[in-house]
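Reader: Before we discuss particular assignments, could you show me the model, so that each term can be set against its definition?

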Amino acid sequence: MSETLPKNNIFKVIGASSLGTLIEWYDFYIFGSLAVIIGHQLFPEDAGASALINTLAIFAAGFIVRPFGALVFGRLGDLIGRKYTFLLTLVLMGGSTFLIGLIPSYKSIGYAAPILVLILRLIQGLALGGEYGGAATYVAEHAPKNRRGFFTSWIQTTATLGLFLSLGVIVITKNILGADAFGDWGWRIPFLLSIVLVVVSIYIRMKMHESPMFSKLKAEGNISKNPLKESFNNKANFKMVLLALFGATMGQGVIWYTGQFYAQSFLENTCKLDFNDSRYILLWGIAFATPFFVIFGAWSDKVGRKWIMLSGMLLGIIFYRPIYQMFLDDTDFSKIEQNDVSSTTAMPATAVLIPNTPDSLRTISTKVILKNGASFNKIQTDTISVSKGVLPAKEILKDKVLPTPIFWKFVGLIFFQILLVTMVYGPIAAFLVELFPTKIRYTSMSLPYHIGNGVFGGLVPFIATLIASFAGSTPLSGLWYPIGIAALSLIIGTIYLSNKRDESIND
Amino acid sequence: MNALKKFLGLVWMVLGPLAMTFLFIQAVEKVGLTHTDIERTNTILQWGIILFIFLPISLGLMIFGFYAWKGEYEKLPDNSAL
């Protein structure tokens with residue numbers, strides 16, 4: 001049935017599916033891209049680093065529930081159909097994103113603020129858990145059998161384009177409003193904007209038809225009575241679920257989230273790069289690398305999915321530490337010589353009382369511009385003690401703007417990491433679809449995908465930041481988590497996976 | 001290759017509980033290092049979530065190892081039909 005679908009129809013199917021999925025990814029990622037600002041809004045002002053870790057934990061909570069969403073909506077998709085299920089996930093995702101934009105801050109409602117955001121974040125995670133498997137299955141079930149990798153790779157671009165869109169909207173909103181207004185209330189705009197995008201997507205999806213393979217199955221009365229039982233209580237299917245998880249999606253997930261999320265977090269929080277600079281670097285990297293999703297997806301139709309995905313993991317294992325060491329070395333401005341400095345501008349000093357003591361903290365900020373075009377803010381926060389006088393603290397260099405050649409070098413390093421993402425992620429939808437039969441495909445492929453991406457991948461920024469905060473760790477210590485997981489997945493995938501493609505998924 | 005698949009099945013079966021033990025020891029150590037009340041609560045919450053999430057996954061790795069040891073992956077099916 002799918003083999004006879006006209007070419008313009010398959011592109012309509014891809015367009016309608018991809019737009020909704022892209023919007024869901026956008027909704028999901030704006031939270032992560034604004035973690036630092038949201039942390040200030042949701043937690044007490046003196047929470048410091050724990051505000052960021054707690055915000056990343058709320059961000060991670062959305063990932064952790066994705067497998068549960070996969071079970072709930074996957075089951076629904078195998079029972080009532082693909083179309084209505086991913087229409088429902090779109091409504092849940094859009095509604096909860098919009099409501100996050102309306103939540104009052106900690107100053108207004110105390111700890112109710114992070115609790116409400118956590119609940120909405122959990123709904124987002126559940127919705128996303130149901131969305132992706134539906135979209136990938138829907139497109140694959142329309143695609144011709146020898147081009148399934150190519151056509152599903154368009155769905156694969158949506159996660160990265162959703163991230164691109166979220167970064168773009170954030171940067172544009174911040175540039176229009178200014179940093180202060182954006183940090184105060186402007187951060188809500190990207191969340192509120194989501195409702196417009198979702199309404200457009202719902203309108204388009206309402207016009208879509210059910211998947212031909214599912215319709216055929218339904219007409220013949222062969223749909224599954226209990227998809228969860230048939231997926232996970234049947235050894236022949238369950239062993240493939242486990243193989244898909246440990247041999248593919250687990251490694252794919254950590255490569256995805258290291259290249260696109262941890263990289264951004266590392267540049268902003270560890271290297272102390274300027275807010276806009278870190279996002280522009282990622283935006284350029286994504287723009288250059290995104291076409292490779294389709295290239296690797298199409299190539300997998302010719303040479304098989306396995307070795308393309310596993311090569312991406314291997315390259316990540318080899319190159320992550322050298323890449324992140326370069327990030328650190330090139331943003332180390334502490335050894336700048338005086339004759340490299342073009343100008344320095346001292347800002348007015350500020351002082352705040354330390355609660356319950358007679359002492360205060362004095363902050364001196366100096367803007368430094370270098371002759372090579374780089375700049376940074378030098379911040380020194382001294383303690384003014386009534387009994388001991390001035391106790392100077394170590395200087396912190398932040399808001400670093402890179403010189404042009406280093407900026408483009410960083411774009412290249414991010415591009416390379418996203419290229420690895422395209423290798424592991426471009427072919428994986430076709431790979432998963434071909435492992436499972438039509439009547440339990442939605443359920444069976446969604447679970448390993450969302451454990452691999454939601455749990456192993458989604459926890460990369462959180463676990464890596466946690467590891468890097470241990471005593472005795474270095475800024476690169478956090479990388480051992482994605483490297484270790486990718487290595488394990490590479491070994492299992494190499495030994496156990498088959499490179500053979502299933503020509504007919506109409507079963 | 002089939003012998004290697006079977007032998008590594010034993011490794012995966014052992015790796016599951018080993019990974020959980022390692023995580024549990026790390027959790028106890030890190031919670032013990034924290035001092036103040038809110039910091040301790042945060043650390044317990046974070047590690048509690050990590051242990052809760054990775055426990056069923058390590059169980060899955062053990063089952064995967066068991067299947068490999070029993071030779072379930074010696075020949076994979078040619079198509080997606082059950």
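Reader: Leaving aside neighbours within four places in sequence, which residues is Leu432(A) in contact with?

Author: This is a predicted model, in which local features need pLDDT of at least 70 and side-chain atom pairs count only at pLDDT 80 or more, while totals for chains, interfaces and linings use all residues. Residues are numbered from 1 along each chain as its sequence is written, and chains are lettered from A and ligands numbered from 1 in the order in which they are written. Apart from those sequence neighbours, Leu432(A) is in contact with Ala244(A), Met445(A) and Tyr449(A), where contact requires C-beta atoms, placed from the backbone, to lie within 7 Å.

Reader: What makes Leu432(A) count as buried?

Author: A residue is buried if 20 or more other C-beta atoms lie within 10 Å of its own; Leu432(A) has 27 such neighbours inside 10 Å, and therefore counts as buried.

Reader: How do you know that the span of helix H16 of chain A agrees with its 25 residues?

Author: The expected span is 1.5 Å times one less than the number of residues, and because this gives 36 Å for residues 306–330 and the end C-alpha atoms are 36 Å apart, the two agree. Helices here are DSSP runs (H or I, at least four residues).

Reader: Where does H16(A) bend, and by about how much?

Author: The bend is about 45° at Phe319(A), with Pro322(A) following within four residues; the angle is taken between axes fitted to the seven residues ending there and the seven starting there.

Reader: Which helices do the buried residues of H16(A) pack against?

Author: They pack against H13, H15, H17, H18 and H21 of chain A, and among these buried residues are Met313(A), Ile317(A) and Tyr320(A).

Conventions
A residue is buried if 20 or more other C-beta atoms lie within 10 Å of its own, exposed if 12 or fewer, and partly exposed in between; C-beta atoms are placed from the backbone. Two residues are in contact if their C-beta atoms, placed from the backbone, lie within 7 Å. Helices (H or I, at least four residues) and strands (E, at least two) are DSSP runs, numbered from the N terminus.
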